[in-house]
Each structure stands twice: as C-alpha cells, then as structure tokens.
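Work through the following exercises with the sequence and the model at hand. Each task is followed by a solution in steps.

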Amino acid sequence: MSAAEDGLSPADRASLDRFADAMWLEHGLAGNTLASYRSDLTLFATWLEKRHISLAAAEAVDLQAYLAEFSLRSKPASQRRLLSAWRRFYRHLLQLNEITDDPTLTIDPPIANERFPKTLSESQVEDLLAAPELDNPQGLRDRTMFEILYATGLRVSELISLKIFEISSTEGGVRIMGKGAKERLVPLGETALDWLARYLREARPQLLGGRRCDEVFVTRRGAGMTRQMFWKLIKHHARKAGIPESRISPHTIRHAFATHLINHGADLRVVQLLLGHADISTTQVYTHVARERLKELHAKHHPRG
C-alpha cells in the first residue's frame, strides 16, 4: 500500500485491492499499468472522500467534475489513462454486483490538443523498405525487419524478442507475447513471409556463423538484435531514404501500419487486436492521425482548400 492510500477508508482500500488482484489474475495487466491505474484511482478516491463519497457510490456527475479539474493539470494522454482505469474499475464492480450502473458510460475521451504519434506516408514507407542494400546479410536482415514491422504493427520490443519457434508457417503469422503477458497471433501476409523465408535461408546462417541463437533477428556477433541497435539502423536507413529525422521514432513503422490500415477502411477493433492494445481508447488516436492527413491532402489538392 502506498502512502497516498493511508487516508482512504478501509472499504476503498479493500476495493482497490480486489480490483488490482482481478486485473492481474484474470486479465494479465502489466505491473506498470496496474500501478498507474491504482495511482489514478487513489487520487480520485481521495478527492471523493473530501466530499464524503466512496468509490463505489460515485456517479457520472462526480466523475465529470473530477475530470474537469484533472484536465487543467494533465495532458490528454493522462486523461485517457484515467478514463481507462475508471472503465475497468467500474466494470469490475458491476461484475461483482456492487453497483447497478456504470458511471463511465456518458464520458468521452479527450482528443483535443493531442500530440499525435510520428508516422510516415505510404510512399515514405516504401522508400524506407527499399533503403537497405540486399547484397549483404545485414541489409537483408534489416529489410526483413522493416517488412515484418509494416506487415504486423509489432512493437520494436516484440520484434527483437521474436523467437524462431514463435513463427507459425502453417498459420502464416507469428505468436506474440505482448504487454501484460497476453498472447496474440498476428498475420504476416505473403510479402513479409517471403522476405522472412529468404532471410532465414540466406542471411541468418551467415550472421550466426554456426552459433546458436533463439532470436529470429541476430547480429554479426551471433546474438539477438537489441533495441538500441535497431534504433541506430532505422535512423541510418531513414537518412538514406531522405526521411527527416523528425519523422522517425522507434515505433514509426508501427504507427504507419495502424494509420494506413485505418486510411484504407480497417475496423478500429481489428486494429486494436492487431496492435495488442488493452483499451480501444489507445487505438483511437490513429483515427485522428488519419483525419489530420485527410485535412492536409484536402488543403493541398482541393482548389478551395
């Protein structure tokens, strides 16, 4: 129990304990996520107690009043995290029959003034994919990594930790253990599968030089790729492709994957599953990225833009 919880009522502390246990045991939420949710709920409970209201007794009007105050000192991302904590907490209370109505149903996530994730246009992605030189094993490895990232939307951490036995050629995808120890099967698509098969056949054995390694993507030392090395590689190839450094981040290709899917009509829930997001509010930012892109295109190409 944190010091911030000292002033809470026994009922609220017990309610937070049960919630945290359920989220960990039943939903496998990561420790950092649980700690953030609990911190947000503790601050809310402290605010409620000054008004002689328990967490379970809070109504929509209470949540809206707190959110109005909270938004003055927090970023939209923090506000969305609070809403995610509320939704999970009050759905948990509903399942336990401790409340009869969900007070979060009428509250919408904030979207104004958000710093959108860095992404790339489709032509920029094509340029980045074509940047690695294929006459050496490192170049073929880099091309394959980029192809898989763009085909799947994996996190960089998921890509570099991908093991040989997690590739399913029969299912045409990869099994990923994502955040919160949640497993998902992500389809690769024919193009990425072809590049992966070529890398495994031609480049990986040369890089390993007879050494053994479980990771799919390896270095000349025969060890698995690191996040730091991947970051250097993507910056190097982005410069070759003429992509401004301001457009590049470790997750740029992941963001491009999601944005381009939505641009081409993919359902938001499908994108959420592919990305491995626990809450759809995290995925919704990509709809705003796509909308901003449409505005740019309209302003550039429409005669009255």
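**Exercise 1.** State how much space lies in the largest cavity, and which residues line it.

Solution. The largest cavity of this predicted model holds about 40 Å³ of space. A cavity is a set of points on a 1 Å grid over the protein atoms alone where a 1.4 Å probe fits but cannot get out; points are joined across faces, edges and corners, and the volume is the space filled by probe spheres set on them. Next, count the cavities: the structure holds one of 30 Å³ or more. Then list the lining, meaning residues with an atom within 4 Å of a point: Lys235, Ala238, Arg239, Ile243, Pro244, Glu245 and Ile248. Finally, sort by class: four are nonpolar, none polar and three charged. Here Ala, Val, Leu, Ile, Met, Phe, Trp, Tyr, Cys and Pro count as nonpolar, Asp, Glu, Lys and Arg as charged, and the others, Gly among them, as polar.

Residues are numbered from 1 along each chain as its sequence is written, and side-chain values use heavy atoms, without hydrogens and water. As the model is predicted, local features need pLDDT of at least 70 and side-chain atom pairs count only at pLDDT 80 or more, while totals for chains, interfaces and linings use all residues.

**Exercise 2.** Determine whether valine 156 is buried or exposed, and find its contacts.

Solution. Start with the element: valine 156 lies in helix α7, where a helix is a DSSP run of H or I with at least four residues, numbered from the N terminus, and a strand is a run of E with at least two. Valine 156 counts as buried because its relative accessibility is 1%; buried means under 20%, exposed over 50% and partly exposed in between, with a 1.4 Å probe and protein chains only. Leaving aside neighbours within four places in sequence, valine 156 is in contact (heavy atoms within 4.5 Å) with Arg227, Phe230, Pro250 and His251.

Conventions
1 Å grid on protein atoms, 1.4 Å probe; cavity = no way out; pocket = protein on both sides within 12 Å on 5 of 7 lines; lining within 4 Å.
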